[in-house]
Structures are given as C-alpha cells and as structure tokens.
Amino acid sequence: MTVALPSAPHLPNPNRPITTGSWRTFRPVLDHEKCNLCLLCWVYCADGAMKRSEEAVMVDLEFCKGCGICAKECHKDAIDMVEEG
Amino acid sequence: MRERKFLSGNHAVAYAVKYIQPEVIAAYPITPQSSIVEKISQFVANREVDADFIRVESEHAALSACYGAACAGCRVFTATSSQGLAYMAEMLPYVSGSRFPMVMPVVNRSMAAPWTIWGDQQDAISQRDTGWIQLFVENAQEAFDTCLQAYRLAEDPAVLTPVMVNLDGFVLSHTEELVDLPAPEEVQAFLPPYQAKYAVDFTNPTTFCFGATPEVFAEYKYHQQAAMEAARQKITDLAVEFEQLFGRNHGGLIKEYSCEDADYILVTLGSFTGTARTAAQKLRAMGKKVGVLKVRSFRPFPAHEVARVLANTKAFGVLDRNYSYGNEGALFTEIKASLYDCAVRPPGLNFIGGLGGRDIRLDEFEAMFTKLEQAAGEPGTVKAVNFIGLR
C-alpha cells in the first residue's frame, strides 16, 4: 500500500490504491514492429489498461489482468501472451 | 417560540424532522411506522419541510435512494419497522460501511412468523451487527429529542456513522403525550446545516464505495469500530449539551434510576423502562433497595458504565423483548459480559417478556424484583432465563 487511505471507502480520481496487476498469469507483450497503431486492443481492453499515444500503445501492467482479449483481437498478431515468471 | 403539543411517538418523530430539515426523504409504509412518513409527506406537501419525498417500491429501495442522495451530499431521512427493516438488511452495512451519516427511526415490531404487527424489539436486535449506532427511547419526548441528537451524532466528523432511533411499536408509536417543542432557532444553533465530507463533485471526481481487496478491507472495518468508540463520548456529551440548551436529559449511554445504593437492579431497553421505574418507586416506598438501569445505547454498548452500576448489587435482572434463539435474551448476554472483569460477579436473571405486543403489568415487574431477591447469594445464574407470564 503506497497511499494513505481515507476513513471511508471513497477515493478521489484518479485513484490507484486497488490495482489488479497481481491477478495476471499471462502478460501481454507488444511487438512494436508488427503494431500499426490501429487501437483495436485499446478499444477492446475491458480494464482500460491499454494506454495510447501518437507513437505507440503501452500496457499499464499495474491494472492489466492478463485476460488476453487484446491478443485475441489484434489483427496483426502483434501481442503475445507470455507466462509471468 | 417554544410550544407544547399533544403528539404520538410517531408524530413526535415527524415534528423532529420538521426541525431537522432533511433534503431527501425516501420511505415505504409499514405498520407501525407509517404515520411517521404520512405526517412528513403532509409537511412536504405544505412546504413546511423543504425536501424531495421519494415514494419508492420497497424498503430496500428506500434505503438505496437515501444512499444515493447521501452520495450527492444531502441530509437524508427514512423510517421503517420489522419486515421492512429486514428487507433493508442488505443496504444497512452499505450505508454504515460508506460512512454516510443518516438517521432512521425504527418503530420496533416483532418478526414473523407467526405474522403479527405488534411490538417487540426482535427487528432491531436482529440487525445489531450491521454497523449502525442503535439508540432506544422510552417516550415520545425522548423520541423527539433523540432524533435531534442523532443527527448531530451521525454527522460528527469523528463518527460519520448512521443511527437507528428505536421506539417501541404501539406503546410509543400510537399513544399520545405532551411533547415540548423547541423554537426553530434553538435547533438551528444545536444542529447546523449538514456539510458532507464525501459527496459527488463534478470538478473533483470521486470513486464511491470502491471494490476493496484483502489488502485494504480490514482497515475500513477498523475505522468503523474507531468511529463507534468516538460515538460513546459523543453520546454522553450530547446529552449534557442538550440539557443545557433544552432542559431535558434522557441519559447518555445509560440512565440510572435509584441505583446508587440498590441491592437489586433491573436492566431495561425502551418503553417498558417507565413501568419498571414505577414498580421500583413502589417497592422503594416499602423500604426495598431496588433500582432500574435503562440502556439507551445498545451500539455502542456501554459495558464500563453497566459494570459500574451493577457490580455491587446482590442480584441483577435483564428484561429482553427479544430472543437470540439457541441462547438467551440478547441484552442479557451483553450485560453478563460487561461484568466479566468484576472481582465478584452478582447473580443475574433474564426475563423474557413483551413479545409480540404482550403487555407487562406492574405486578409482573414487582414479581421480577422478588425473583431477584430470591436469587441473591445463589451461585452463578440458576435457571437464568424466565419467560414472563407464559401460558
């Protein structure tokens, strides 16, 4: 726990005390060579864990649960699900 | 200007709401509570109470609507009884766990089956561990006064915990007595407008009641217990402050009647305190050293105060208008636990009575004190549980 919690379970946004990254068994690894920035992964990510910018898509590993939807939806096969060590 | 009105316990509560001025009221009718919200809806229609009155389809919806309005930063009000309280059960810990400071009168009524509309305290006692403060009153004046105190208590920054104000069905809800009403400006000084600590604010978005993982859940439960501890002192202080302003003191956590030198004390919860006191008065006149201890706050439970009063008795009795099936009356269990640290523990008897609206007569209270005299000197609690007037 890195943040001080208030006495009631209501938190100002953006809040990050409850992360879900530790639930992950498989980590999405993006091949930037194959990625064409179509953003389908960003659209389909159920957890809002895909971060987009002008240059690249990034995975927010604090929240990614490793469900693999992004890898399944990617038309370029640019995402591999790699088992966590 | 102060005034005096002839009011039922339920209408005393409705008049209290007129002084409290909640912004949102959501309620569903249920006997014997209905006349509280009927009267309030009349006040709202006449614009004597400036609130949105939400007519909902159930008690679960009533408390849920109050929850939502509390999220929006409003002072809210609802009231219920018995099966209605049970129907709210899912939402009760949501409200307390979210630290929304609402006040809900519960007009105590038995739980079916057999089906009944009559009174006992099984409904509230069954919701003991939902994280709500539970206060019990003995007359209409105390119901009125306690509603005012309950909002101050619930909204205190160190407490932020919802309060049930319990009044016995029919005995209080449907009988009338003279009730002293304060001047509105006096109440405004005692109960300032509500400033929500946690409220929807579009410029500073907040996630309400987020899903907690094992890493943080227990901490919130710890905070709730700390708030209950803070409420103890606050309840006592509010009784004193209220007396200074309005001249009435119904007790803080407890209220003693001729307990100082009493050998035999009967512990009560709610409206039967009055009859118990009359019995004690009669026996005192006959030279018997008896007293009555009213428990006003069931949660937080006044263990230290109870121990102080009962430690030196020859025997104590506890009247329960509830039953914790498979054990004994719920108040009896708590009172006994309070005495665990005493060097010498007096024998105690549990009296179960007033279930499902059954009256307890004056002579039955006298008989309870006689049983206490007989129990003095007996080791432990011999046949502790006694059903009064069982047919």
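B:R299 lies over the face of B:F298, 5.2 Å from the ring centre, and A:R52 lies over the face of A:W42, at 4.1 Å from the ring centre.

Okay, some ground rules. This is a predicted model, so local features need pLDDT of at least 70 and side-chain atom pairs count only at pLDDT 80 or more, while totals for chains, interfaces and linings use all residues. Residues are numbered from 1 along each chain as its sequence is written, chains are lettered from A and ligands numbered from 1 in the order in which they are written, and side-chain values use heavy atoms, with hydrogens and water left out.

Now, chain B. It has 13 helices and 16 strands; those are DSSP runs numbered from the N terminus, helices being H or I with at least four residues and strands E with at least two. The C-alpha trace of chain B spans about 70 × 55 × 45 Å along its principal axes. Of its 391 residues, 58% count as buried, meaning under 20% relative accessible area with a 1.4 Å probe, protein chains only.

On to aromatics. Over all chains, there are 15 aromatic pairs. Rings of Phe, Tyr and Trp (its six-membered ring) pair if their centres lie within 6.5 Å; planes under 30 degrees apart are stacked, over 60 edge-to-face, the rest tilted. One of the pairs is B:F190 with B:F246, edge-to-face, 5.9 Å centre to centre and 85° between the planes. These two come from distant parts of the chain, 56 residues apart: B:F190 is in helix α8 (residues 184-190) and B:F246 in helix α9 (residues 217-246), both of chain B. Are they buried or exposed? B:F190 counts as buried because its relative accessibility is 0%, and B:F246 is buried too, at 6%. Elsewhere in chain B, B:Y67, B:Y94 and B:F100 form one aromatic cluster.

A cavity is a set of points, on a 1 Å grid over the protein atoms alone, where a 1.4 Å probe fits but cannot get out; lining residues have an atom within 4 Å of a point. The whole structure has 3 cavities of 30 Å³ or more. What lines the largest cavity? It has 14 lining residues, with A:C35, A:N36, A:C38, A:C41 and A:C74 nearest its centre.

How values were computed: Buried < 20%, exposed > 50% of the residue type's maximum accessible area, 1.4 Å probe, protein only. Lys NZ or Arg CZ within 6 Å of the ring centre and 35° of its normal. 1 Å grid on protein atoms, 1.4 Å probe; cavity = no way out; pocket = protein on both sides within 12 Å on 5 of 7 lines; lining within 4 Å. Points joined across faces, edges and corners; volume = space filled by probe spheres on them.
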